[in-house]
Every structure is written in structure tokens, then in C-alpha cells.
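Trainee: I have a new structure to read. Please show me how to go about it.

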Amino acid sequence: SCAGCAETSYARLITQLFGSRMYISNATGCSSIWGGPAATSPYTVDANGHGPAWANSLFEDNAEHGLGMYLGQKAIRERLIEEVKEIAASDKASAEIKAAADEYLATVNDGAKNTAATAALVAELEKCDCKCDKKADILENKNYLSKKSVWIFGGDGWAYDIGFGGLDHVLATGEDVNIMVFDTEVYSNTGGQASKSSNIGQVAQFAAAGKAIAKKRLADIAMSYGYIYVAQIAMGADMNQTLKAIKEAEAYPGPSLIIGYAPCEMHSIKGGMTNCQAEMEKAVKCGYWNNFRYDPRLAAEGKNPFQLDSKAPTESYQDFIMNEARYSALTRSFPDRAKELFEKAEKTAANRYEYLTKLAEK
Ligand SMILES: Cc1ncc(C[n+]2csc(CCOP(=O)(O)OP(=O)(O)O)c2C)c(N)n1
């Protein structure tokens, strides 16, 4: 990737947490280029040889492609779970096998614990010299036995625009997949075209005079379903909130959407991408970006599912955008329009924060 790229920091963190049991479906975009150039791979394996299984899909169907990866393994795993249940209930199985099967079944939906329980069950079954069909099927398909962590990665061009229909459809299936959007606010990999994620006043290709209309609120759309875990994160602003959101999303037994703010080389940040993480912090402090989490499990407990994790803005919105040439350039090319659009952008951000504050109070 470009030096300082925020996309890679998010992907690295997610693989550090779940890499040994992870499937990744990756939309075409920067993340498929740094994620899978033909000759090398940045993804690796642990001491047991386990690492993310990765595949790249086209832009227009990545969410569907990831759902297919999830459903494929789910169909096999559900068959194996039934077989383990039969073994656990059988008179012929040894006490050791039954105990291992019980532990496997008790942790079957717990990604963190099921890996060890699966390894113990496989070890017991391998010791057994019976000719049982169920044992044979389980051992032949042992790679599908443990709980997997299925992720769908892509940029904002994919998630907000071209792949949105599929993303929305996959979220609405209620299946247990995790979607991670690297939000660079432009189509980074093809030279910075504006997407529906681009902001008011932002200069991008197809928006040479500054984008006139507001950034789409993708998180709001997902939250409207009520059964989708949704978070906005910005690693450099709040690492604890980032970690919390990623872990909660992964543990949520349904669809999850995380939108990660990802400063990009294309933003032309003053001082360069060495300031990437610090720029995320500034973005949150001025209210340009808001961190929050929406967890349907809280609603089930009678609590407000929405938690606003960003404090009210304390820094200047205008100073923040003037630190990035994707905005400041407009003051030279179209000074009057720049003034008008930047005021509109600030007002829109203030209104959005007020709205989020109300959601958090509910
Ligand atoms: C249907 C389709 N249209 C266009 C392209 C060309 N293309 C490849 S990557 C890309 C930009 C991706 O942008 P984004 O999703 O924002 O991800 P980023 O590169 O910013 O990480 C485009 C337009 C494509 N692969 N498929």
C-alpha cells in the first residue's frame, strides 16, 4: 500500500484478532491490490499454519460473494454439527469422545472457544479406530468444523455506490457476516473519483468544483433494520473504541457493518501520510467524523442500542479541512463557491452530531 495507508492498519488489526479462523471476501479496490498482488500476499499464517482464506471478487458483487463463502461453509458445518450431536448421544461412543463432543456443542457459536474444543474433538476422533460413517465424514471435513469469522472487505466506492445493492441485501439476510468498509471518501485505487461517501466541498474527480451534496449516511441505513450491528470507527482517534467495535461486531451472531475512517494519500494531508493516524483524531475532534456503535443485543435487554462514542466537537471544522488539499485547493480555484460549500459542510456536520446526540439519549 501507500506508506501510512489506514486501510492496512484496520485489516492488520482484524487479522491479529481473528486471522487464524478468518475468511475474507475482498472487493476490487486498493484493498484487493495491497491484499493480493499476484506474486506476494501480506496475509500470513500462525504457528499452526492457520491464516485468513482470501478471495477477491468484482466490485459489483463482493457482498454476495462473501455471503456465498459464508453459506458454503455453513451448509457443511451444520451437517457436521448434527453428526457430532448423534455421536454425543450414542451409547457406543467412549466417555472421552462424548466429553469432547459435549464441549464442542457447548461452544459451537463461540468463535474464541470453539477452536480449542474442535481441536480436542478431532484428536479424540482420530484416536478411535471404529468404522463409523459420521466419524469419517467429520474427519474428512475437519477444516469446516470450527466456528469461522467471515469478513467482507471493500472501499466506499464498493460499499456506498456500486456494490451497495448487494451489501444492503446481504445485511438484510440476517446471516452472521462482518462487513468492513475502508472509507477513504473516494475511489482511491482508480485515482480518486467522487463516491456517495465524498463530503460537501471535497474536490475529487467528477467533482472538480467541489462536491455540492452531502455524504450518504450508510450507517443510518443499516441501523434502520434494527438487527444489524453497526459501528463507525476511526482508529487514530480512539483505539479502544475501534477494538471494542471490531470485537462486538465479530461476536454478534448476525450481520455487522463497520465503517472505518481511512485518510488516504488522495487527501493530500499537510505533512503527508505520516500524519494519517493523527488526522483521524483531528477529524473526530472537529466533528468531521463521528464514532458510534449500534448493538441490537442492547435493545433486546431493553437498553438503547445506540452509543455515541465521540465527544462534542472542540476543534475548528474549517481548520481541519484546510489541512487537506482535497479541500483547500477549492479556495484557489473557486473561492466564492469554496466559502459557501465549506459553511454548508460545517453546518451539515453540526446537524449530524446533534441528531446522533438525540439517538444516544433515547
Ligand atoms: C464494476 C466495476 N467498475 C469499475 C471497476 C474499476 N475499479 C477497480 S477498483 C476501483 C475503485 C475502488 O474504489 P473503492 O471501492 O472506494 O476502494 P479503494 O480503492 O478506495 O480502497 C474501480 C472503479 C471495477 N473493477 N468494476
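Mentor: We take the domains, then the ligand.
This is a predicted model, where local features need pLDDT of at least 70, side-chain atom pairs count only at pLDDT 80 or more, and totals for chains, interfaces and linings use all residues. Residues are numbered from 1 along each chain as its sequence is written, and side-chain values use heavy atoms, with hydrogens and water left out.

Trainee: Which domains does the chain have?

Mentor: Domain bounds come from an automatic or database domain assignment. Here, domain 1 is 6–68 + 147–361 and domain 2 is 76–144. Their centres, taken over C-alpha atoms, are 39 Å apart. Contact means heavy atoms within 4.5 Å; domain 1 gives 4 residues to it and domain 2 gives 10.

Trainee: What area do domain 1 and domain 2 bury between them?

Mentor: Buried area is the accessible area (1.4 Å probe) that two parts lose on being put together, summed over both. Here that is about 480 Å², 47% of it on carbon and sulfur atoms. Arg21, Lys147 and Lys148 supply 86% of what domain 1 buries against domain 2.

Trainee: Which residues are closest to the ligand?

Mentor: A residue counts as near if one of its heavy atoms lies within 4 Å of the molecule. The ligand has 16 residues around it, the closest being Glu7, Cys30, Gly157, Trp158 and Asn189. A polar backbone atom of Cys30 is 2.8 Å from an oxygen atom of the ligand.

Notes:
Polar contact = N/O pair within 3.5 Å; in protein donor to acceptor, adjacent residues only side chain to side chain.
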